[in-house]
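Take a look at the model below.

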Amino acid sequence: MNSEKGFIHIYCGDGKGKTTAALGLAVRAAGAGKRVHFVQFLKGNPTSELEALKLIPNITVERPHKGFGFTWEMNDEQKRELTEIHNSLLLSAYEKMASGNIDMLIIDEFCGAYNKGLLDKNIADRVFFERPFFCELIITGREPEEQFIKAADYVSEIISRKHPFENGVMARKGIEF
């Protein structure tokens with residue numbers, strides 16, 4: 001078992017690159033022999049990074065089995081279903097951490113799911129605040145709760161100054177997804 005202390009990282013803000021930064025850290029950690037578990041919330045559609053992660057032996061991925069669209073497009077039943085999926089992913093991640101089977105846990109879009117009530121906050125708080133001391137924890141998303149910022153060791157805010165979407169350019173495969 002690893003005896004090195006793990007830290008908490010937050011990649012937040014309204015700019016592009018939060019997931020990308022977390023993925024870069026996952027690749028670096030896996031390259032150093034660390035076992036990485038990558039969990040995605042709010043995303044279920046195929047993305048290019050998942051194809052690359054499949055090629056890296058030390059990285060496992062769990063995410064919703066289907067896309068639900070943007071939260072403002074979801075009906076109440078879809079939100080309930082997605083919340084159940086997120087809770088299941090959280091419990092699975094907690095078990096992996098508690099068992100010592102992973103060195104790093106990344107929860108992509110944690111802040112969005114938390115803020116929109118699309119997960120059980122008690123379970124989420126347990127994952128965040130009761131992680132084993134050796135497990136590195138990374139969360140991403142817009143507007144993290146102040147309690148998470150205070151507990152974090154690293155907080156990197158990515159600010160959007162300009163984005164092609166503002167000019168009608170839709171997300172491009174291999175760049176935004």
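Phe133 has 48% relative accessibility, so this residue counts as partly exposed. The scale, run with a 1.4 Å probe on protein chains only, calls a residue buried under 20% relative accessible area, exposed over 50%, and partly exposed in between. Phe134 is buried, at 6%.

This is a predicted model: local features need pLDDT of at least 70, side-chain atom pairs count only at pLDDT 80 or more, and totals for chains, interfaces and linings use all residues. Residues are numbered from 1 along each chain as its sequence is written, and side-chain values use heavy atoms, with hydrogens and water left out.

Now the rings. A pair of aromatic rings is described by the distance of the centres and the angle of the planes. Rings of Phe, Tyr and Trp (its six-membered ring) pair if their centres lie within 6.5 Å; planes under 30 degrees apart count as stacked, over 60 as edge-to-face and the rest as tilted. The whole structure holds ten aromatic pairs. In one of them, Phe110 and Tyr114, the centres are 5.7 Å apart and the planes meet at 25 degrees, so the pair is stacked. Both residues are buried. Phe133 and Phe134 are edge-to-face instead: 5.9 Å centre to centre, with 85 degrees between the planes.

Ring pairs also build a cluster. Its members are Phe110, Tyr114, Phe128, Phe129 and Phe148.

What lies over the face of Tyr94? Arg126 does, 4.6 Å from the ring centre. A charge sits over a ring if NZ of Lys or CZ of Arg is within 6 Å of the ring centre and within 35 degrees of the ring normal.
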